[in-house]
Amino acid sequence: MREDFPQLQTGIRYFDNAVTSLKPLSVIEATDNFYRTQNANSRRGLYKLSAEVDQKIEAARAKIANYLGTNPDEIIFTHGATEGLNILANGLCDQLGENDEIIVTRLEHHSNLLPWRQHCKHVKILECGRNGNLADISDMITPRTKILAISAESNVLGEISNFEETIRKAKAAGLTVVVDAAQAIAHRKLSLENIDFLAFSGHKMYGPMGVGVLRGKRELLQKLPPLFYGGEMVDEVHDGSLELAAPPFRFEAGTQNLAGIIGLEKAFDYLTPENFKKEQKLATLLREELAKIPEVELYGQSGTIVSFNIIDVHPHDVATILDCENFAIRAGYHCAQPLLEKLKIGPCCRASLSFYNNESEIEDFIKLTKTIRTRMGL
Amino acid sequence: MNPYNEILLDHSSHPLHRGEVADADIIFEAKNASCGDNIKLYLKLANNKISEVGFTGVGCAVSQASADIMLDSIVGKDYAEAEQACKDFLDYWQSGEGAEKIGEAEAFADIRMMPARAKCVTTVWRSFISRQNA
């Protein structure tokens, strides 16, 4: 499997999968082939090549819908999770009353926090602990609460043990549930039960950068106003009036990242139960070994994301020392500054794994981590 | 390669100039938004020279050492000389040339090869120049 990912052959020990995954040859070749021999725009041309592109795009839509357990007309192609979440914050908040409120969790990446803050006056924060467990949402829901925006997995703390319970309670209370699956999509199969909208990016799940998916329930998409207006999102345009195309096309204004969509379809082949199991096992090993180092403070409790600090060493210095030995990790606030400030953690190190990592890399990582304080003169 | 050499570590763990300067004439900040570092720098003037210097704030070892070395290179100088010292360092950072002019700041030679850490080093030096021009 490692041989499918050419970048691994450069010798990098890539522990930064949460920021973006590596890309397999099948994805690289599919996007490359598109530009070499299939390049045409979709839904615009009357010639064969354009029709073939249409077929490929719709085949990708169908495959993704099938993977998620939904219908192709509920799959909108976007440029990434951020675009999907902005479409939702713009469109759903447009339908809120003056005093309606929404709940966003403390765990959110800025991409699932700032759009809501921008579009809604009343944003309440559902708090969490350092282990990633959320407070009970039931205590926050009032008759004015209309939406829950929540990550399926935190990009800092990993799995959220009461995610399912939280969305179930939100749904039962009549809230519209928006799930940011940017992290979760690559590492587990999500059930769409209790989820109205789901957004994710391609590039964190072995697909190309600049492409993503927004899935919405058909009846909700019918009511959702588009964020972008332009070509191919309308059926008719006259002076002073227009008729929107049906979903999903009304949300896909302008030329889409067609090569990206074709590559993304291939990436889904890597989302298998075997791969999910393997990466969880590796992450458990990493977490257990880090926990044995007395000067290491760990955050979160499960999932492929393992965040930590080494006491008295700034995370950027940890990342630099690891970089000298060709390990790539992320260090800092991880685009979740309010979370790390609230938990009084501050910046931290984050190692995030994928199925193509291996035990030997983890062994070396632990050995090196043990030397960091000494290297820093402590 | 271990970019954390003795000089850098000495300045980060035992900084010469850590702390506020009482009755400082000039206080300015060096912010590195990408990592949340915010270093505050204090200068006191006497006879047109920078007579006392200090800094507060937390950050990585690189930014702390850089603040300490920068302040050490401007203390005792007048503004023009201090600004020149900062420019000499930033020129060295840009080109790799002129190491003979920058004294202990050459301790950042290995970090200079790591573009991801450029801001950790250069922010305080730039902040002095932009303070001058403000």
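How many residues lie between β13(A) and β14(A) in their hairpin? The legends below get to that. This is a predicted model, where local features need pLDDT of at least 70 and side-chain atom pairs count only at pLDDT 80 or more, while totals for chains, interfaces and linings use all residues. Residues are numbered from 1 along each chain as its sequence is written, and chains are lettered from A and ligands numbered from 1 in the order in which they are written.

**View 1. The hairpin of β13(A) and β14(A).** Five residues sit between the two strands, and A:Gly300 in the turn has a positive phi of about 80°. Strand β13 (residues 296–299) and strand β14 (residues 305–310) of chain A run antiparallel, joined by four bridges (strands are DSSP E runs of at least two residues, helices H or I runs of at least four, numbered from the N terminus; strands pair if DSSP finds at least two bridges between them). A:Tyr299 has A:Ser307 as its bridge partner in β14(A).

**View 2. Helix α1 (residues 25–38) against helix α7 (residues 258–267), both of chain A.** Their axes come within 8 Å and cross at roughly 150° (axes are lines fitted to C-alpha atoms, for helices over the stretch in contact, with angles from 0 to 180 degrees between N-to-C directions). That makes α1(A) roughly antiparallel to α7(A) (angles over 145 degrees). Among the residues that meet here are A:Phe34 and A:Tyr35 from α1(A), and A:Leu258 and A:Ile262 from α7(A) (contact: C-beta atoms, placed from the backbone, within 7 Å).

**View 3. Where chain A touches chain B.** The contact takes in 11 residues of chain A and 15 residues of chain B. On the chain A side, helix α9 (residues 315–324) gives the most, with four residues.

Conventions:
Two residues are in contact if their C-beta atoms, placed from the backbone, lie within 7 Å. Angles under 35 degrees count as roughly parallel, over 145 as roughly antiparallel, 65 to 115 as roughly perpendicular and the rest as oblique.
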